[in-house]
Amino acid sequence: MVVLAGQGVRILVQVASVAVLSRMLGPRDYGLVAMVLAVIAVAEIFRDLGLSTAAVQAKALTREQQTNLWWLNAALGAGLAVLAVAAAPLVALLYDEPALTGLTAAMAGMFVLNGMAAQYRADLTRRLLFARLAAATTLAPLLALGIAAYAAANGAGYWALVVQQLVQGAVGLVAVGVFAGWLPGRPRRGVEMGEFLRFGWSLAGTQLINYAASNIDSVLIGTRLGADQLGSYNRAWQLLMNPLVQLRGPTTTVALPVLSRIRENPALTQRFVQRGQVALGYSLGAGLGLVAGAAAPVCALFLGPGWDVAGVFALLACAGLFQTLAYVGYWVYLAHGLTTELRHYTLVASVLKVVCVLVGVRYGITGVAAGYATAHLLEWPLSLWWISRRTRLRVGPLYLGAARILLVAGAVAGAAYATAQALHGQHPGVTVPVCVVAGGVAYALLLVVPPIRRDVMSLVVTVRGAVGDRFSRGSA
């Protein structure tokens, strides 16, 4: 509950960032920055090398091991920053955009900042200090948005987006360091690090494959369709996927240490995963259905005129829904240390995604979004079946739960779409709230279906239990 409350604030800041900066900057500004991120952000995987997750899920972690992990992440970040600066002319050559040389060199500073912050975040997560982590990850984007908006208002152009990234990284580093309450000592020899490196390297391989597949859309749009088209696609992506990732990501932060402790109990693990799917599906899934149905007024409200991306936005919402159906499987892979199996599955899923996007790019950015959504439609049932082959998780209840979630999301989307069409031409500030009400009515009507009603009641009981437990601890 603490993590989700913090993420709620972060999402408000993210949406505000999209709404404010999209009115100050143009598609080309966003397109240039997206070109850089699509290429150099792959180094973030090697900067972390899976060591943060390794530290969180480890059964035991000494201060000497924690210090060595900090220095490893910091050294990797510094080394990758140097490589990014050296590769800056090549990035500019790839897209035939000379401005990318300076942009790439400037954004290389993110590797240093993130490398130094990685183990502080992992420590706060491992110790379940979610309130401190939420405070740190809320303060940083809020200050960064204010400074970026000031820079954009004074004609900084795409450099305002670079400043936003660097300020967020610097403030985040200071905040998590202060909240963690420790400084790294000197790196030590003779400290057992093999388990962390093996886990981290295997996870990094999975992340690398997934990164390549997830960013093939941006690279293809940038190289084939240009900065303007990539900027438009990126705005739809940022408006939808960034808040979605920020909502789903903290669930892993909470679920990973819990599942790691109960992984020897199959029945309890099954119950936790099923409730996790219900919690994600009946909240995020329903929300994604709502924004897919009301895509046109939502984009008009938050992006303003000049951004014709409603079709792309709706398709990305569908992709996000399919991703969410299978997200709980990712928790299980990490908690059970099945990084090799996760890498094998990710490779298969990535090939499917690349093929779909390659077909879609022939039809512009809407085709790319359609290909991306199609890939996740085909992938989610496969992902649950795959994890059932490697664990004692029963996949049948998860398929049935996903079917109920799709029914709810579809009904909400249909109600929102019909309302948006009926109010076509009205101000989006009026249309969007009415669509929300219509979607809520559709959701409520489905509660007459007994299995859906049981799911929702299970979710309500879980939330009440969490709040009551928190209140009891506070009183004690």
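I call a residue buried under 20% relative accessible area, exposed over 50% and partly exposed in between, with a 1.4 Å probe and protein chains only. The model is predicted, and local features need pLDDT of at least 70, side-chain atom pairs count only at pLDDT 80 or more, and totals for chains, interfaces and linings use all residues. Residues are numbered from 1 along each chain as its sequence is written, and side-chain values use heavy atoms, without hydrogens and water.

**Entry: Asp 96.** I looked up Asp 96 in the loop between helix H5 (63-95) and H6; helices are DSSP runs of H or I with at least four residues, numbered from the N terminus. Asp 96 counts as exposed because its relative accessibility is 65%. Its phi is positive, about 60°, although Asp 96 is not a glycine. Most residues other than glycine have a negative phi.

**Entry: helix H6.** In H6 (residues 100-107), I noted Leu 100, Leu 103, Thr 104 and Met 107 as buried. They lie on the same side of H6, because they cover an arc of only 95° around the axis; the arc is that of the directions from the helix axis to the C-beta atoms.

**Entry: Tyr 363.** I found Tyr 363 in the loop between helix H17 (339-360) and helix H18 (364-390). Tyr 363 counts as exposed because its relative accessibility is 62%.

Conventions. Helices (H or I, at least four residues) and strands (E, at least two) are DSSP runs, numbered from the N terminus.
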